[in-house]
Amino acid sequence: MAQPPHPLTQQIAADPVPDLLGFIARDEASEADFNALALRLFARQFQYNLAFQKFCQLRGRTPRSVKSWRDIPAVPINGFKDLTLSCVPTSDCERVFQTSGTTRGDVKGRHWHPDLRVYDLSMTRNFRQRFMAGRASMRMGILFPDEQLMPNSSLAHYLALALQRFGTPDSRYFLDGTGLQLDALCAMLAQGQQSGEPMALLGASYSFVHLMDALQARGLRFALPRGSRLLDTGGFKGQSREMDMEEFYATLSTALGVPRSACINMYGMTELSTQFYDDGNPVLPAVKSGPHWIRSRVLEPITGQEVPAGERGILAHTDLGNYNSVTTILTEDVGVEVEGGFLLLGRAQGAQAKGCSLAVDEFLKVARA
């Protein structure tokens, strides 16, 4: 008589999406519940993602030995550039998001999504709680190209969801293939200023730099209604001009009449399915935090060991939304754990950058074997 499948085998084979959607839809989740789902996803990825499996075996980590999400090996984000990290054939995926690439000829990282319901629910649940501030909808101006122009951009999809799910019918994009539509945007800002209804501008950080430069050239300032909010993301790497973050938020607040406490920065990346937010930027750096389906650690990049609380290290994130690729990624961002979240301190430099590079080399050497 055939033996029934082992419970772990049944769990690995089962589609995780329904349980994951239910988990994200909760108001909160215990550490034990997070750990249980993280271990289930780890077992699935170990089974079906062979490059990841080899890496875990080198580290001595298997589904039978790993008992905590903290022990799941973190894959360097550059692994998404060199390898296809997917549990299912890429032909079965609904969408692939690609990193932008900041230098000519740079290889782009790819993140494959079989079912966008997970990404979309992760975004909308988190965005409603962290950006909308209790409002069901707001008039929105988007300072970024739409999905038709950038179909493989996770940020384009993120902003499309914001506009579709939370924008009023008169919300629209103000950046297209020809550049910033400044006249139309100024008209919207002036109308919003007169109406008294709160509004929101969302886009890449460098898009706001272009807007502030254009307003200064025209000698314009606006005082948007109380309750208005701004969201920037992405920084200035690879752009025509960089700004100190203190100068950026001070100038942004002055140009649009929005207090810095309502200037929200979103920290996300193509290799994640979940975003982090702060609660405004009156003081820098602001504390970033995420929802109950993502956890963060601060690591020494080569060993993968957590650094003592309060010390600088490289941020690693365990995102349950990454059910198809790898749940745990090692970034190249320096951070420090603080009460309520973490401080983002910039890109790795010096010894820390070298450590990240060695971690990438180790992962690729093993995964390609």
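What follows is a walk through this structure, from the whole chain down to single residues. Please keep in mind that the model is a predicted one.

Let us begin with the overall build. The protein holds 11 helices and 16 strands. Its radius of gyration is 21 Å, close to the 21 Å that the globule rule gives for 369 residues, so the protein is as compact as a globular protein of that length. Of the 369 residues, 52% are buried. If you take the contacts with a separation of 6 or more, 67% of them are between residues 24 or more positions apart. The accessible surface is about 16500 Å², and carbon and sulfur atoms contribute 50% of that area. As for charge, there are 37 positive and 38 negative side chains, and the centres of these two sets lie 2 Å apart.

As background, strands of a sheet pair through backbone hydrogen bonds, either parallel or antiparallel.

Look next at strand 4 within this sheet. Strand 4 (residues 139-143) runs parallel to strand 8 (residues 199-204), and 5 bridges join the two. You can trace this pairing through M140, which stands opposite A200 in strand 8, and through I142, which stands opposite L202. Strand 4 also runs parallel to strand 5, here with 2 bridges, and G141 stands opposite R172 of strand 5. How many of the residues of strand 4 are buried? The count is 5 of 5, so to speak a strand that is mostly covered. In a regular strand the side chains alternate between the two faces of the sheet. In strand 4, R139, G141 and L143 are buried on one side, while M140 and I142 are buried on the other, leaving both faces covered.

A133 is in the loop between helix 6 (116-130) and strand 4. Most residues other than glycine have a negative phi, and most peptide bonds are trans. A133 is not a glycine, yet its phi is positive, at about 55 degrees. Is A133 buried or exposed? With a relative accessibility of 51%, A133 counts as exposed, because the cut-off for that class is over 50%.

L284 and P285 are joined by a cis peptide bond, with omega at about -5 degrees. P285 is in the loop between strand 11 and strand 12 (287-288).

Now for the helices. In helix 4 (residues 50-58), the buried residues are A51, F52, Q53, F55 and C56. An α-helix has 3.6 residues a turn, so residues three or four places apart point the same way. What do the buried residues of helix 4 pack against? Their neighbours are helix 3 (31-48), strand 1 (75-76) and helix 11 (350-367). After helix 4 comes G60, with a positive phi near 70 degrees.

Our last stop is L20, which is in helix 2 (residues 17-25). L20 has a relative accessible area of 0% and is buried, because buried means under 20%. Which residues touch L20, once its neighbours within four places in sequence are left aside? They are L37, V118, L320, G321 and Y323. S122 is 102 residues from L20 along the chain, and the C-alpha atoms of the two are separated by 9.9 Å.

Terms used. Residues numbered from 1 in each chain as written. Predicted model: local features only at pLDDT ≥ 70, side-chain atom pairs only at ≥ 80, totals over all residues. Heavy atoms only, no water. Helix = DSSP H or I, 4+ residues; strand = E, 2+ residues; numbered from the N terminus. Rg over C-alpha atoms; globule rule 2.2 N^0.38 Å. Buried < 20%, exposed > 50% of the residue type's maximum accessible area, 1.4 Å probe, protein only. Contact = heavy atoms within 4.5 Å. Areas by Shrake-Rupley, 256 points an atom, 1.4 Å probe, with all protein chains shown as cover. Lys, Arg positive; Asp, Glu negative; His and termini not counted. Charge placed at Lys NZ, Arg CZ, Asp CG, Glu CD. Pairing = 2+ DSSP bridges.
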